[in-house]
Amino acid sequence: MVRPPMTPQERHRGQQLGRLLRQARGERSIAEVAAAAGMSAETLRKIETGRIATPAFFTIAALAEVLDVSLDHLALRLAPADHPVTAR
């Protein structure tokens with residue numbers, strides 16, 4: 001299956017996600033966090049650098065749990081300005 005090319009907005013959002021996750025990781029090693037989240041260090045490295053701009057939901061959920069970051073926090077920080085996320 002061939003994926004359609006990502007839009008510039010999708011690439012930018014992936015880079016933002018990577019920065020947020022990298023900040024949340026702090027001084028912990030990529031290997032430590034990746035293992036705790038059930039993924040390879042290379043996958044986490046690609047997410048943090050934006051090379052995987054649209055990781056699967058369960059991948060982000062696992063990272064959020066390990067990093068003690070709420071999915072709501074990530075969603076609010078990554079929502080485009082013209083489509084704000086509203087609390088229910």
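1. In helix α1, the residues G14, G18, R19, L21, R22 and R25 meet L44, I47 and E48 of α3, where contact means heavy atoms within 4.5 Å and where helices (H or I, at least four residues) are DSSP runs numbered from the N terminus. By class, this contact of α1 with α3 has three nonpolar, two polar and four charged residues; Ala, Val, Leu, Ile, Met, Phe, Trp, Tyr, Cys and Pro count as nonpolar, Asp, Glu, Lys and Arg as charged, and the others, Gly among them, as polar.

2. A word on the basis of these points: this is a predicted model, in which local features need pLDDT of at least 70 and side-chain atom pairs count only at pLDDT 80 or more, while totals for chains, interfaces and linings use all residues. Residues are numbered from 1 along each chain as its sequence is written, and side-chain values use heavy atoms, with hydrogens and water left out.

3. The axes of α1 and α3 (residues 41–48) come within 7 Å and cross at roughly 120 degrees, the axes being lines fitted to C-alpha atoms, for helices over the stretch in contact, with angles from 0 to 180 degrees between N-to-C directions. That makes α1 oblique to α3, since angles under 35 degrees count as roughly parallel, over 145 as roughly antiparallel, 65 to 115 as roughly perpendicular and the rest as oblique.

4. Helix α1 also packs with α5, at an angle of about 140 degrees and with the axes 10 Å apart, and the two are therefore oblique to each other. The contact is made by R13, Q16, L17, L20 and L21 of α1 together with L74, R77 and L78 of α5, and its residues divide into five nonpolar, one polar and two charged.

5. For α2 (residues 30–37) and α4, the axes come within 9 Å and cross at roughly 120 degrees, which makes α2 oblique to α4. Here V33, A36 and A37 of α2 make the contact with A62, L63, V66 and L67 of α4, and the residues divide into seven nonpolar, no polar and no charged.

6. On the largest pocket, about 310 Å³ of space lies within it; of the 13 residues that line this pocket, the closest to its centre are R13, L17, P55, I60 and L78. A pocket is an open set of points on a 1 Å grid over the protein atoms alone, where a 1.4 Å probe fits, with protein on both sides within 12 Å along at least five of seven lines, and lining residues have an atom within 4 Å of a point. A volume is the space filled by probe spheres set on the points, which are joined across faces, edges and corners.
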